[in-house]
Amino acid sequence: MPIVFVHGVNNRAGDEYRDNEAGRNGFLKAIVAPALGLKGKDVTIVSPYWGGDGAKFAWDMSVLPDPADSYEAFGSENDDPLATERVLELLAKSPNATGDPVELAKADFEGTVELIYASALAASSDQDQAQELAASYERAMAYATAHPKPDWLATAEESNFADLLNHHVHAGDEESFAAGGVFDQLKEGFSRLVNALPAAGTEVLGALGRRKLNATVTRFAGDAFVYLSRRGAPGSEGTIVKLVLAGLDEAIAKKTAQDNKLIVIAHSFGGEVMYDILTTFRPTLQVDCLITVGSQVGLFEEMKVYLASKDDIPKHYPDGRVPKPAGAKRWLNVFDMNDVLSYRASPVFDGVDDFEYETGYSTLQAHGGYFLRPSFYTRLAKRLKS
Amino acid sequence: MSDLTVTLNYSSTDYTPAGVAQQTPVALPLKVVDADGVVLADGVAISSEPSSITLPDFEGPPFVRLTWPSGRVQTRRAVPGAASTWTAHFDDSRISHNEWSAWAVLRLGEKSTFAEPSSENDLDIQKFDKVWLRLWKYDEGRWMPAPFAPTQAFHNRAVVQMEFQLGAACWLLQLGAARVPWHFVALPGGGPCRVLITPSESTDPRREPLKVVVTSYRRDAETLLEFLARDSLRAATSLATTGPLATRLLEEKSDDPISAIIGAYFLLRTDGWRSVPTHWFDNLFHMFPWIPDPAIIRCVIALRSGVSVGTGGVERAVADLETAWRRGLPVFAEGITLLQEAASVLRASERAPKHEVFESIERLAASEAWAGAMLSFRGARPTIPSPEKQLGSLERAMDASLRFAENQELSTMGSAVDGFTLLGDVVPNFWAKARSSSPASVPGEKTVNYERGPATRGDVEAYLQKLWEDLLRPNSEARRQVDQAGIDINRLPQRLEDAIRVEDAVGSVDIPGTAVVFLAAAPIVKKVVLDLWKFVALPQIRRRWGDSALRERKPPKTRKARSR
Amino acid sequence: MTKVYERNPLAGPGVHVLAIGVGDYPHLIDGAQKLAKMPLGLGQLSSPPLSLKAFVTWCLAPVMKAGATGLQNDQCSLATVEVLCSAKGAISVDVPGGAVELERATRANIKAAFTRWRMRVCSDDNNIGVFYFCGHGIMVADHYLLAEDFGDDDEAPWDKAFDVSNSLRAMERETKGALYFLVDACRQVSKKIALTAGAIPTSLMVVDLEKAVVRSSATLIRATGEGKLAFAPGGKVSRFTDVLLTALSGYCGIRTSGKPTWDVDGETLATAVRKLLENNNKSSQRKQVSDQQIGGTSVPLLRVTTAPMVKVEIDLLPTEKRAVAQMSLTSSKGVKFVHDGSKGVLLKDIPGGVYDVSAQAAAHEFADLSYPEEGVWPPVYELTMGPAV
């Protein structure tokens with residue numbers, strides 16, 4: 001039962017892409033796949049990589065007013081720098097998350113648990129471990145909901161908070177004669193949070209967040225221009241389309257007579273690529289569920305830049321919408337009001353289900369944090385089931 | 001009393017590449033038991049000569065239990081001969097028919113499907129083509145990447161095998177990928193070496209995704225060590241005390257350090273070291289300064305003998321440990337166990353000087369992985385073993401190597417990214433057809449053999465021809481069945497001859513066989529063709545000609561691993 | 001009270017047992033006292049006291065009732081049993097003199113008991129020493145086990161743990177007899193400790209470097225492989241102890257022609273434990289493996305007069321054909337066991353040996369299946385016949 005993940009902007013080859021992928025895949029398998037009627041362990045996830053054919057910047061975006069966008073100054077020198085960066089980005093969107101994590105937990109236990117798991121997810125480089133973490137996260141949130149102020153919180157310290165959390169979340173498990181499972185991941189995640197929290201809410205971090213957003217928007221624009229000018233036509237597809245089609249074919253090849261569902265999750269610009277594929281490049285493709293996340297599909301149809309776009313829809317605004325692609329049996333579009341690069345789709349398309357992922361956090365979205373937040377997966381799963 | 005003669009014909013495991021001197025015979029331990037399992041005798045079966053075993057008086061026929069290093073056991077009833085004699089014969093009908101890889105089957109898992117050559121497994125080494133490999137050599141006190149240059153390489157659908165010629169030094173093969181933890185496997189230096197890599201079939205939670213099997217063509221000695229690594233001391237003792245191996249292991253003057261080391265490890269484990277003169281271990285230490293194992297052995301023997309504290313005995317033991325560490329890393333896993341024993345008792349003793357080597361050894365021991373008898377451990381570099389699982393593609397590995405080189409200012413020591421290669425790139429440079437008794441396999445083709453039954457070859461060909469014609473018609477029943485099975489018809493080859501070929505094949509004694517060959521094509525296309533055969537064509541053929549039409553060919557004693 | 005049994009007369013070769021079970025850790029999570037600064041994610045355990053009790057009960061069974069299955073060795077019978085237990089409630093063991101309440105397994109008590117046990121094991125060159133532990137464990141390169149009071153001192157957290165690996169190495173230099181160390185604890189590698197220079201727990205006895213290794217045989221069987229966990233169903237005997245006792249209760253043993261008994265030595269026991277655990281893993285989501293280290297010559301822990309049994313599992317595929325099958329095993333001596341496939345998979349305990357295994361369908365729904373001369377050896381035999389056509 002394959003899932004195809006089509007990435008969006010900001011994905012460039014190397015550790016960042018792959019580590020992101022491992023953690024994301026683990027959570028997709030553990031949390032989202034069951035909502036689609038799939039067994040996590042049986043799910044294959046194919047992630048075609050097209051970032052190498054996106055926009056290239058000859059001077060490495062030197063034209064940005066202030067190109068410095070490194071988080072190196074923050075975090076512990078012993079920690080994985082990518083993981084630290086992801087945690088700092090999360091905190092940049094969480095203005096209430098400051099100071100001491102234990103005190104934070106006393107004020108908002110559920111929110112702090114989410115942050116700890118997000119911090120652990122940030123360092124996931126092993127899909128199987130990420131899957132375990134995801135399963136643990138679901139239990140942790142159930143525990144936090146049932147115990148908004150657990151007794152042990154009163155005497156917890158930084159040195160034993162993760163130990164206590166892990167113990168109580170897994171209290172019903174088969175006994176093990178050591179703390180195994182996700183304990184090490186949680187311990188590291190908590191430690192990362194301890195190191196990062198002092199920077200949260202500071203102007204320095206805020207400014208860094210803004211610069212990163214600039215870079216993201218710039219890269220997005222670049223990828224859009226490159227794609228639109230080089231996507232090709234049916235029969236002579238451009239490289240990006242070919243790469244994504246190859247990924248879809250690989251996933252289709254893994255279908256069996258008994259298990260023949262194809263799920264596509266497209267993030268950001270990946271949504272536009274998928275829309276073009278479904279409407280022009282491979283209109284016979286059958287996708288059982290298309291999920292676009294932080295995507296601009298609706299916007300691009302407003303601008304009529306798809307090959308299949310028709311100028312006569314809408315005939316009389318605001319009535320008249322474009323039918324969803326015939327090959328997409330179900331289409332869920334996830335957007336976030338705080339994400340400057342995410343858009344609704346239902347005003348433009350018939351048959352699409354818009355879902356607002358409410359973070360309630362600051363406006364400094366770096367557009368890409370959806371898959372770094374464990375709660376995104378649980379909310380998406382809930383929406384898919386309903 | 002009676003005499004039992006056991007013969008072992010495992011000729012399919014004898015394949016050696018050109019340029020390699022005759023390898024030592026296969027030797028496997030055996031037990032002779034009665035019908036209740038009472039042990040009548042222990043012994044060894046050797047491929048180069050029959051084994052003769054004297055049996056005490058007993059009732060009923062004797063049975064011979066032959067054990068492979070993997071733990072797999074074969075049982076044969078001995079056949080009576082004239083005048084209180086018995087014979088038992090073991091042959092290689094149970095071993096993979098790819099002769100160039102048959103040698104490894106004895107050391108793959110106990111339930112390995114390779115030991116049932118007619119059973120299909122879904123192992124696919126091509127899925128691991130992005131696994132990166134790196135060869136390391138210990139040279140003048142430093143671990144350096146070495147050119148990855150196997151002298152030969154083979155592969156089939158499930159296995160990649162490489163031959164190396166390694167100089168007298170310590171060598172490590174490193175593997176890693178985005179989903180393969182980075183780890184090292186030691187390769188024995190000082191001569192030819194063969195490495196086989198195949199996806200692991202084990203359900204052991206400690207397994208690595210890929211199984212690596214190594215030989216330096218000392219099959220009998222390596223088999224002994226494989227049993228030792230699994231704490232099968234009875235089997236190891238049978239091998240070490242019987243036949244030509246027993247003599248070879250303890251030769252006074254030997255130009256074969258690897259066999260001598262194996263012998264020494266056996267002695268240490270079974271306490272036989274006490275009856276061997278100390279100078280034998282000293283000779284080993286001095287004659288082969290490029291291997292650490294003799295230094296480890298000498299250190300542990302000193303410690304187990306009791307050291308004289310006042311006269312520098314402890315200091316000498318620490319010095320031997322440090323010498324071992326300076327010489328590189330042990331070839332065999334037994335070496336890590338002994339290193340840890342020595343380091344641990346010395347570290348805990350107030351009488352031993354503190355030495356940084358103790359922590360280094362502890363870190364190595366904590367990072368140990370499993371590769372049978374060969375040393376194996378996890379980490380990014382030989383000098384930085386780590387119990388943490390590190391994962392990452394070739395790019396990440398190269399990046400890590402570059403960063404290390406920058407930190408260490410290693411600009412004068414060659415390119416930091418030398419020596420990397422991908423598993424998928426190993427084989428295209430070399431290609432050799434395996435000597436095999438199964439239908440010739442051409443790269444990319446897949447063949448399935450069937451007992452023919454009521455449907456002849458002509459029947460099957462005619463059916464397939466009609467099926468293909470029907471598939472061209474959009475509203476045909478064939479199209480409906482294909483759609484229902486979820487098969488993407490657009491991926492099927494236009495012509496049947498590009499998709500499937502039917503041949504006569506060798507069947508069992510009185511039933512002719514049919515081979516259905518799925519022709520070389522892109523993996524995606526081949527999958528579609530296989531699905532069409534499995535879910536549409538074969539069920540239809542059986543509906544038409546009966547359940548016994550085209551039964552997949554299996555030998556009488558089929559054993560399948562249970563899965564729950 | 002720690003010594004719960006002593007043979008009368010004591011003189012002569014004997015098996016001396018020291019058994020420790022720790023489930024109550026007051027300074028770990030949910031403990032009754034101050035939580036340790038670094039609890040390592042560890043909490044209370046319900047299984048170790050029960051596992052300990054099961055083990056000790058098995059040891060004492062032949063003493064409590066003649067002929068009962070337990071520690072049986074006519075050449076080296078059970079001589080002493082010393083027990084320490086830390087549990088939330090009182091744990092007592094039935095012994096010949098009546099039930100006794102057990103002393104707590106604090107580090108000090110464990111060390112004192114170990115010293116007494118050592119002296120007993122060393123009293124005769126043909127003694128066998130058995131050390132059993134069930135509780136929390138952690139691994140760097142050596143294996144560390146946690147006493148009840150682990151974590152009571154934040155300044156010296158490792159003072160209340162002990163290095164069992166070096167404890168064995170020390171004992172190897174003290175006794176000429178045989179040693180069996182059975183450790184039912186995790187070997188999860190603590191990265192924090194492994195990658196930093198953490199304090200190292202001491203062993204229960206210092207390794208005297210001036211002494212030679214003199215033991216005849218050493219067997220160390222651990223509940224799990226390196227870096228892995230040991231499990232226990234809540235409120236029950238742990239998986240490892242359960243299969244250990246199964247193996248020891250008639251599911252392993254080797255008899256050599258001319259000898260009267262089936263002997264269980266370290267290698268035989270370790271192999272049986274491993275295979276039984278593997279068999280259990282089929283029905284468990286979390287898999288557990290065992291590990292062992294064996295050296296020296298073979299010195300049997302048990303010598304029993306009954307042949308070991310084999311847990312047989314035979315299936316036939318496809319399932320619908322199994323429903324109409326008659327499955328049978330026939331020994332080379334003609335003893336036959338028959339099973340009606342409509343009742344499911346064949347699950348039976350039978351004596352080991354060589355059997356012809358076959359399956360037939362009464363109404364010829366499939367061709368006969370035959371597997372002649374199958375070696376059915378302890379502890380487990382599995383076969384899936386078929387496919388039946």
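This is a predicted model: local features need pLDDT of at least 70, side-chain atom pairs count only at pLDDT 80 or more; totals for chains, interfaces and linings use all residues.

What percentage of the 386 residues of chain A count as buried?

Modeller: In chain A, 51% of the 386 residues count as buried. Twelve helices and eleven strands make up the secondary structure elements of chain A. Of the contacts in chain A between residues at least 6 apart in sequence, 79% join residues at least 24 apart.

Now to chain C. Its domain assignment gives domain 1 as 3–304 and domain 2 as 309–385. The C-alpha centres of these two domains of chain C are 38 Å apart. Contact between them involves nine residues of domain 1 and five residues of domain 2 of chain C. On the domain 1 side, helix α6 (residues 266–281) of chain C gives the most, with four residues. By class, that side of domain 1 of chain C has five nonpolar residues, three polar and one charged.

The open sheet consists of four strands of chain C in the order β18-β17-β20-β21, with antiparallel pairing. Strands β18 (336–340) and β21 (369–376) of chain C are the edges, each pairing on one side only. On average, neighbouring strands of this sheet are turned by 20 degrees against each other, direction ignored. At one end of the order, β17 (residues 325–331) of chain C pairs with β18(C) over five bridges, in the antiparallel sense. Within this pairing, C:Thr330 has C:Lys336 in β18(C) as its bridge partner.

Notes:
Residues are numbered from 1 along each chain as its sequence is written. Chains are lettered from A and ligands numbered from 1 in the order in which they are written. Domain bounds come from an automatic or database domain assignment. Two residues are in contact if their C-beta atoms, placed from the backbone, lie within 7 Å. Helices (H or I, at least four residues) and strands (E, at least two) are DSSP runs, numbered from the N terminus. Ala, Val, Leu, Ile, Met, Phe, Trp, Tyr, Cys and Pro count as nonpolar, Asp, Glu, Lys and Arg as charged, and the others, Gly among them, as polar. A residue is buried if 20 or more other C-beta atoms lie within 10 Å of its own, exposed if 12 or fewer, and partly exposed in between; C-beta atoms are placed from the backbone. Two strands pair if DSSP finds at least two bridges between them. Axes are lines fitted to C-alpha atoms, for helices over the stretch in contact, and angles run from 0 to 180 degrees between N-to-C directions.
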